[in-house]
Amino acid sequence: MTPAVLFESLWNDYIQRLCPSAAKVHQLLQEDEALINDHIALRTFNVEPLGIETLAKPFIELGYKACGDYLFESKKLVAKHFEHPDPTQPKVFISALKIDECSEALQAIVKKLVAQVDASQLQGYEFLYAGRLWELSFADYQTLAKESEYASWLAAHGYGANHFTVSVNQLKAFDSVKGVNDHLRQAGFTINEIGGEVKGTPEVLLEQSSTMADKVAVQFIEGSEIIPGGFYEFAKRYPMENGDLYPGFVAASADKIFESTNG
């Protein structure tokens with residue numbers, strides 16, 4: 001396994017199952033060279049045998065290293081980001097819901113889901129884009145959604161890239177995140193404007209924006225329902241004092257990017 005093969009598998013799952021519109025966005029922004037993927041994001045629960053470490057393990061085996069820790073108190077999330085020694089490889093942002101801080105009703109549903117997972121399913125790389133490893137009722141999905149959009153999204157979709165991210169730094173046609181937003185709006189896409197359409201500033205060395213999540217069909221025990229899937233993000237990084245582009249993430253901005261999957 002190589003990073004390129006893994007990310008191709010994640011991409012194929014993402015555009016087929018979670019964010020079909022990403023293929024069109026990709027086409028709209030494609031220039032002479034292949035688009036650079038700044039990072040992907042993965043979601044999980046902080047419950048054994050799941051957790052950030054479980055999702056990080058395949059990436060660490062490919063040479064990735066943990067580089068930053070983040071806390072999202074209002075959403076009850078923790079996160080880490082991982083980088084590869086080869087700076088052309090995408091960064092990986094993995095977050096987890098701290099279910100011990102959630103209601104007993106949410107904890108009971110999550111425990112019911114996790115009980116269906118065998119640790120053997122979490123070996124290798126394929127589980128990272130395997131989708132749901134459990135059965136879920138739409139009634140439980142709705143219960144989760146009332147308390148935590150994050151929990152309901154993860155319960156419904158399971159494992160796969162919540163989003164991919166175009167590096168705006170590489171684009172020749174656009175030198176700003178807002179320029180990308182305007183271009184996509186003209187093509188009919190809806191931009192996440194929660195907290196402003198561009199999250200972050202040059203002063204914090206990172207600007208981000210995203211489309212609102214696609215609506216996709218998901219199979220529940222009771223039948224198929226249309227719910228929010230994945231979205232596409234856009235990031236522009238600014239140089240630090242040493243001249244290198246800032247490699248990290250800004251928690252206040254990421255907090256608003258999470259809102260892209262709000263239904």
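Which residue of E7 is the bridge partner of Gly200? Keep that in mind as we walk through this predicted model.

**Stop 1: the E6–E7 hairpin.** Select residues 199-201, which form strand E6, together with E7; the two strands pair in the antiparallel sense over three bridges. Now click on Gly200: its bridge partner in E7 is Glu207. Four residues lie between the strands of this hairpin, and Leu205 takes a positive phi near 70 degrees.

**Stop 2**

Stop 3: Select residues 206-210 and show what is around them. Why is E7 described as largely enclosed by the rest of the structure? Five of its five residues are buried, so the description follows from that count.

Stop 4: Next, select helix H2 (residues 22-29) and helix H7 (residues 177-186). Their axes come within 11 Å and cross at roughly 120 degrees, and the crossing is right-handed. To see the contact itself, show the side chains of Val25, Leu28 and Leu29 from H2 and of Val180, His183 and Leu184 from H7. By type, the residues of this contact divide into five nonpolar, one polar and no charged.

How values were computed
Residues are numbered from 1 along each chain as its sequence is written. This is a predicted model: local features need pLDDT of at least 70, side-chain atom pairs count only at pLDDT 80 or more; totals for chains, interfaces and linings use all residues. Side-chain values use heavy atoms; hydrogens and water are left out. Buried means under 20% relative accessible area, exposed over 50%, partly exposed in between (1.4 Å probe, protein chains only). Two strands pair if DSSP finds at least two bridges between them. Axes are lines fitted to C-alpha atoms, for helices over the stretch in contact, and angles run from 0 to 180 degrees between N-to-C directions. A crossing is left-handed if the near helix is turned anticlockwise from the far one by less than a right angle, and right-handed if clockwise. Contact means heavy atoms within 4.5 Å. Ala, Val, Leu, Ile, Met, Phe, Trp, Tyr, Cys and Pro count as nonpolar, Asp, Glu, Lys and Arg as charged, and the others, Gly among them, as polar.
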